[in-house]
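Trainee: I would like to learn how to read helices, cores and salt bridges from a set of coordinates. Please take one feature at a time.

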Amino acid sequence: MSSETRGPAASPQPAGAPPGPAGDTGPNAGAVPGDLRMARLLWPFVLASAVGLVPFTIYSTFLVPIADESDGGVAALGQLRGLGGLAALAVGTALAPLIDRVRREWAVAGGLAVLAVSAALGASGDLLLLAAFCLLVGAGTAVLNPALTAAAADRFDNDAAAGRAATLITATQSLTALLAAPLVALPALVWGWRGDLWAIAALCSALALYFLLRGRRKAGPGAEAEAADRAKRPGYLESFRLLGALPGVVPLVLVAMLRTAAFMGYLAYLAAFYDERFGLAPEPFAVVWTLSGTSFFLGNLFAGRLLSAERARVPAERLMTFALVVALVALVGVFFARSLWLALPLTALVGAGHATVAACVTTLLVRRCGSLRGTALSVNAAGMSFGVFVGAGLGGVGLALGGFAGTAAVLGGLTLVALVLARVVARTSASAGTSASAGT
């Protein structure tokens with residue numbers, strides 16, 4: 001791996017990220033397995049990643065009947081979900097350094113246990129317990145998602161395979177977001193939305209037990225070395241300081257936050273735009289939503305695969321810049337499109353562009369942060385949670401002031417700032433490469 005994709009703190013085998021047990025990684029240190037083989041190696045992490053998105057999917061899908069039974073009103077229950085984002089921001093930031101100080105499996109088990117409790121509380125249908133449900137889901141996923149991504153990356157010794165493993169987890173999450181609604185709707189025909197939540201509570205409990213036992217099974221010299229390494233790791237505040245000192249990491253986190261703000265703000269008003277501009281009712285608009293979700297999944301999947309090549313043809317920094325340009329042009333273009341047949345391909349391009357940026361950010365954080373990758377991924381997830389609120393809020397301000405042109409201007413502005421920061425990331429990579437060359 002060339003030095004241009006590394007920060008100075010990264011190493012061929014990051015401290016605190018020992019290779020998995022024999023048979024766990026499968027391939028040798030220098031190989032990048034194919035997607036299917038990697039999915040077989042990482043199936044527990046992939047399954048847990050998919051399950052983590054289901055509780056809020058159930059809540060969103062059955063919002064109306066849940067509101068009827070809780071006597072809370074659709075608007076009030078819709079606002080309750082915002083509590084989850086606030087909890088994710090607070091917990092993700094506060095616990096970020098701790099993700100690297102405990103065994104990944106135990107962090108995953110803890111996140112799944114919180115989700116199991118939240119699903120059980122939500123099944124009650126009580127308004128106060130539904131508020132607790134939203135808070136706990138946000139808190140649980142704030143621990144679960146970065147722990148899963150870091151754990152998947154840790155199974156492999158080389159940067160290319162580690163980055164691919166991390167992006168495979170994020171690709172699974174985007175696919176789950178696309179497919180989960182129909183998957184939870186079908187069982188609900190038999191046992192209702194409460195049955196869905198109880199089923200998720202049981203599944204999360206079983207997975208939490210699996211990861212807890214998996215963490216306890218790690219024994220021998222490798223486990224002793226891992227424990228000794230964790231004991232030598234920097235303290236809580238020192239972890240934040242060291243993370244901020246790594247070249248390009250802070251701009252990368254800001255790129256992720258701004259990209260998420262632009263994309264989620266765009267999605268928040270996409271249905272209203274297609275209804276006003278093209279007269280699409282909710283039923284035909286579902287096709288547009290599927291198009292957007294599919295393009296995001298495919299963009300994330302193929303970008304992650306491209307970046308995992310031993311000698312990638314396009315550096316991650318350059319690909320991120322190009323994808324942001326595509327996302328910016330397509331997003332603005334959608335809101336100014338007067339033809340449905342122009343808006344549809346632009347909608348697909350917005351999803352693919354943002355998915356590619358997301359894959360680039362994840363890959364670069366895994367490569368650059370070494371033993372701090374868990375901290376970095378947790379801070380990144382917290383920043384994206386904040387971006388969801390920023391995007392929806394600013395998009396609404398733009399809509400109120402200037403219609404959909406105003407929304408395009410605000411969200412396009414956020415993407416433009418992310419593009420500037422992406423160039424900062426590229427310059428830090430070039431500087432690191434120059435320094436490495438001079439040192440040799």
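Trainee: Which residues of α6 are buried?

Mentor: First, the conventions. This is a predicted model, in which local features need pLDDT of at least 70 and side-chain atom pairs count only at pLDDT 80 or more, while totals for chains, interfaces and linings use all residues. Residues are numbered from 1 along each chain as its sequence is written, and side-chain values use heavy atoms, with hydrogens and water left out. Buried means under 20% relative accessible area, exposed over 50%, and partly exposed in between (1.4 Å probe, protein chains only). Helices (H or I, at least four residues) and strands (E, at least two) are DSSP runs, numbered from the N terminus. An α-helix has 3.6 residues a turn, so residues three or four places apart point the same way. In α6 the buried residues are R104, E105, A107, V108, A109, G111, L112, L115, A116, S118, A119 and G122.

Trainee: What span does helix α6 reach from its first C-alpha to its last?

Mentor: The expected span of a helix is 1.5 Å times one less than its number of residues. Helix α6 covers residues 104–122, 19 residues, and reaches 27 Å, close to the 27 Å expected.

Trainee: How many helices and strands does the protein chain have?

Mentor: The chain has 16 helices and zero strands. Of its 440 residues, 54% are buried.

Trainee: Which residues have the most contacts inside the largest nonpolar core?

Mentor: In soluble globular proteins, nonpolar side chains tend to be buried together. A nonpolar core is a set of buried Ala, Val, Leu, Ile, Met, Phe, Trp, Tyr and Cys residues joined through side-chain atoms within 4.5 Å. The largest here has 64 residues, and Y266, Y274 and M320 have the most contacts inside it. Apart from that core lies another, of 55 residues, including L63 and L115.

Trainee: How many salt bridges are there?

Mentor: A salt bridge is a side-chain nitrogen of Lys or Arg within 4 Å of a carboxyl oxygen of Asp or Glu. The count is six. One of them joins D154 to R104, with the closest N and O atoms 2.6 Å apart. D154 is in helix α7 and R104 in helix α6, 50 residues apart. Both D154 and R104 are buried, and R104, D154 and R373 are linked in a network of salt bridges.

Trainee: Which residue forms a salt bridge with E105?

Mentor: R214 does, with the closest N and O atoms 3.6 Å apart. R214 lies in helix α8 and E105 in helix α6, so this pair ties together parts 109 residues apart in sequence.
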